[in-house]
Amino acid sequence: MTQLQFLLNDRPVGLSDVGASDTLLDHLRLVRRLTGTKEGCAEGDCGACTVLSGRLTPDGLVYEPVNACIRLLAACHATHIVTIEHLRGPQDGAQDGAGDGSGGGPAETGDAQMPALGVGGRAVGLHPVQQAMVDHHASQCGFCTPGIVMALYGLWMADPDADARAIEVALQGNICRCTGYEPIIRAALAAGAAGGQAQDALTLERGSVTRALAAMRHGGRVTLSRGAVGAGPGAAPGASQSGDPGAGRGMGRNGGDDAGRNADRNADRNTDPGTLRADPLGAGTPDAGPPHAGPLHAGTDRAIIPCDTDDLAQALLAEPQATLVAGATDVGLWVTKFMRDISPAIFIGHLMKEIAVTDDMLELGAGVTYSEAAPLIARHIPEAHDYWLRIGGWQVRNMGTIGANIANGSPIGDTPPLLIALGARIVLRRGDVRRTLALEDFFLDYGRQDRAPGEFVERILVPLRPTARSGARAGTDSGADAAPGPRTLIAAYKITKRRDSDITAVAAGFCLQVHGGIITEARLAFGGMAATPKRAAGAEAALRGQPFTQASFEAAARAVDGDFQPLSDMRASAAYRATVARNLFRRFWLEQGAGADPDRPVRLNHAVPQALRQAVAAEAPPFPGAEAPPSLKAGE
């Protein structure tokens, strides 16, 4: 199959002239003229480019907010992309059950005929999320507003009763620099209270969309190609523009200079985009969009979309130097920031989604996203749930995969420290041959992993320890001495400049077993402290066999200095990182030890609400030496 197929709002799209590093955002804005989706940071941080991506899962059709700026176009195969232009008010006169494909013809919106996808009725007014944003004055300059609306739309559909905390989590990946988040949160709460999900277009279209996406998934492997558009004079087809011969292992625009790329964009701007299709979804020929600028090197920029994991194994054997693209939360920046060439690229974000849970093991396919794994983390490793929700923003968690976070080999990857501490192993596959490796042994040096050409991470095996979910602390009377066996204490820490959607300065995973008041085993792993995620062998030795006391953790804090020689960079200095590593042992003791005081919580998100409640009751500043905010001052 040589055509990329997906749904864009209310129409099917079929494209053959697609390069490996073409982005969804460029396609929306430059080709389709859907300019409601904005470009802000071009790295998946600000959320201005947020769209919904609908895909088929074992549980049915699921819509998730994603960042269009780093969503590569080839990754959209067999998905439903929904932009801000598709939002509209409830369907007036819509038929119950119309989502099964029955019902009337196209509904008119403005001057364009837009297919109702089998739904009778006419759109009336703004969408409830949009109306709530207006009613609660939740937009000022408006640049971030479409992205915020789309994120809240995704939440409104998935969790109609979302509270303020859930709304804050949903907005982690959306930056608003002028309005402030209080009116936005009020708007989100009001939209939830308004309801209307049953009359929403995505609900009424569900049957038609499901059938259309299912049909797209049965075409076998998809192979796409386009010339290296934008390659500068003398540039070899597919050549990296970074000067790094290994740069092509990742991301990048079609190896070219700014002049060439801008010329390509101008050609798109001068192309008549045509009119919206009036056919119901699935009828007629998929819309190929306006013609693309002519390729400079026809067929040299290639994207491969395997139909299943076996097909991936064969494709990678044939193209062992290909770039594997899962969620593109890192590879996307190779394209948008470094202009790297990633061709040929094999897109795998739709593969390896298997999840299995036994009494002692959590088995995750490498393609499981952070969001897909989140309920399992909350259920089986609840100590790490807060940590998990600090991996990027919601959009990034919907795109990024655990396997790619490991395979990337970054020293500041979020999942390896925790997984190494838990004793995780990975399954590597090359063709039909598989091998299992301890995760800590996978990382050899900076930019080097124990992975042969043509080999890929297929699964992650995470040991589960039921004793870790017991409620008693190790040092209390109801803790280790009363327990029938060793108690497992788990913690995960991420230190960043801002709390949400930020790159790690230091990450740590702790997993200790305590029996009879003695630390019988300790696995401690850090990220951001060395060239790779790495265990703290000296600190582990300082704890192993010692009593579960504050003195033991002070000794480990001193020992960790000998485990690492951190570097200074824009995220943190070496001295800061070393200090943080020592202090995390003290924090772990304060949280887990016999001295842990539930009335004096260590975690800020637990401490602040309690301090504010006490301050309101006492009409006093919430913290010693702090001036009370106006809302807490006496008489107000």
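Predicted model: local features only at pLDDT ≥ 70, side-chain atom pairs only at ≥ 80, totals over all residues.
## A five-stranded sheet

Let's start with an open sheet of 5 strands, whose order is β14-β15-β20-β16-β17. The pairing here is antiparallel. In general, strands of a sheet pair through backbone hydrogen bonds, and they can do so in parallel or antiparallel fashion.

At the edges you will find β14 (355-357) and β17 (433-438), each of which pairs on one side only. On average, neighbouring strands of this sheet are turned by 15° against each other, direction ignored.

For a closer look at one pair, take β15 (residues 361-365) and β20 (residues 456-463): these antiparallel strands are joined by 5 bridges. Leu 364, for example, has Ile 460 in β20 as its bridge partner.

## Helices on the sheet

Which strands does helix α9 lie across? Helix α9 (residues 309-318) lies across β16 (425-430) and β20, and it runs at about 130° to β20.

Helix α11 (residues 370-380) also packs on the sheet, where it touches β14 and β15. The direction of α11 makes about 10° with that of β14.

## Backbone spots to look up

The loop between α10 (331-336) and β13 (345-347) is worth a visit. Met 339 lies in this loop, and its phi is near 55°, a positive value in a residue other than glycine.

Another positive phi, near 60°, belongs to Ala 42, in the loop between α1 (24-31) and β3 (50-57). Ala 42 counts as buried because its relative accessibility is 9%, and buried means under 20%.

Definitions and conventions. Residues numbered from 1 in each chain as written. Heavy atoms only, no water. Pairing = 2+ DSSP bridges. Helix = DSSP H or I, 4+ residues; strand = E, 2+ residues; numbered from the N terminus. Axes fitted to C-alpha atoms, helices over the stretch in contact; angles between N-to-C directions. Contact = heavy atoms within 4.5 Å. Buried < 20%, exposed > 50% of the residue type's maximum accessible area, 1.4 Å probe, protein only.
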